[in-house]
Amino acid sequence: MSPLVTIGLRFSVLSLVAIGGVTSILPEVHRVTVDVHHWLTDAEFTQMFAIAQASPGPNMLIVALIGFHVAGLPGALTAAAAICLPSCTLAYLVERVWQRFRGTPLRRAVEAGLAPITIGLMLATGWLVARGAPGTSGVAYAITAVSAALVLFTRVHPLWCLAVAAALGLLGLV
Amino acid sequence: MSSRRWDEPPAQRIIGRVSTTEPPIRPTLGELYRGFLQAGARGFGGTLPWARRMLVEERRWLTAQEFTDTFSLCNFLPGPNVASMSVIIGARFHGVLGSAAALGGLLTVPLTSILTLAVLYTRFGQLPGIDAALRGVGAAAGGLVLATGLKMATSLGRTPRVLIFLIAAFIAVAVLRWPLVPVLFGLGPISVLAAWLGTLAAWRVRA
């Protein structure tokens, strides 16, 4: 089978089970690409994850890197389409159905019930990202706290937080 | 430029005596593309804080509550949350074309930049400084996510139910490190049921 077809099929299936984003399917992506198809070595997989994190946007785009590695630009585009289109089509259909419930007590209860959980999870994500790997430095915690405070209480543009933090990292201070 | 601070919630429009929660601004297809292009281009270490800033604070296409509700729905859908969100918001304003414009905008810069990085990487074998810079960016990105979560929390009612489920979800994931899916599908239905019973009780009191 052409690698493009394999990439397309493998990633479209993963697209539909990736609840919570790429972290939930990363082990499966690793198994398929490294162990089953031998497209990448372990080390290459780790490098690609680092590149995906260095780029803005969804980390899910690590699959575009894998597609690029296997089959060049067509591979990258196939992989990106395969990982995005099935889940996005589902989102579109769910939205269409959900619109019909607009203003109903059922929808209001669902929204009222889910909102606190969503926000609890969001705070948990921020907490886990901020804690980072074991041995995170005091400087890193300070960057997290100062960024959060600046965004909450001042009009400083959040891009400054990212830029200054990147510079501190480059200087070897984090 | 408006004299209002950007973090103030958009004013509710009052039509007759009915206050609507409709957002005040309805984007065109081109604006959908450009708005999500901007959010995608800024999203180092996570796009969600930027999506909320763009949608609620800068462009005011959604109210704070609409953002939270849409994001909740996306939590239960597979795929990157921001991608599902762009599709849903695009669809709400302009159907399939709106979804395509929003998703296309969101992915343009990240896809281009990730492939550029890949080419640089294969040519030079390494990206000097990237690891070090990322450690800093990661720490700041965590702060942006925390601040966004806290802002979203201010738009919630302060009832015991809200506090209990917010804290339970936080502890399950941040402290106990439970995986996301069982937390969503375990706590979610219980919280919805509690909200439903709360509505019923409120009705009974009024009746």
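**Reading a helical chain and its interface**

Biologist: What percentage of the 174 residues in chain A is buried?

Modeller: Buried residues make up 47% of the 174 residues in chain A. A residue is buried if 20 or more other C-beta atoms, placed from the backbone, lie within 10 Å of its own. The model is predicted: local features need pLDDT of at least 70 and side-chain atom pairs pLDDT 80 or more, whereas totals for chains, interfaces and linings use all residues. Residues are numbered from 1 along each chain as its sequence is written, with chains lettered from A and ligands numbered from 1 in written order.

Biologist: How many helices and strands are there in chain A?

Modeller: Helices are DSSP runs of H or I with at least four residues, and strands are runs of E with at least two, numbered from the N terminus. Chain A has 7 helices and 0 strands. Its radius of gyration, taken over C-alpha atoms, is 20 Å, well over the 16 Å of the globule rule for 174 residues, so chain A is more spread out than a compact globule. The rule is 2.2 Å times the number of residues to the power 0.38.

Biologist: How many residues of chain B are in contact with chain A?

Modeller: Two residues are in contact if their C-beta atoms, placed from the backbone, lie within 7 Å. Here 84 residues of chain B are in contact with 77 residues of chain A.

Biologist: Which element gives the largest share of that side of chain B?

Modeller: The largest share, 23 residues, comes from α5(B).

Key
Buried ≥ 20, exposed ≤ 12 C-beta atoms within 10 Å, placed from the backbone.
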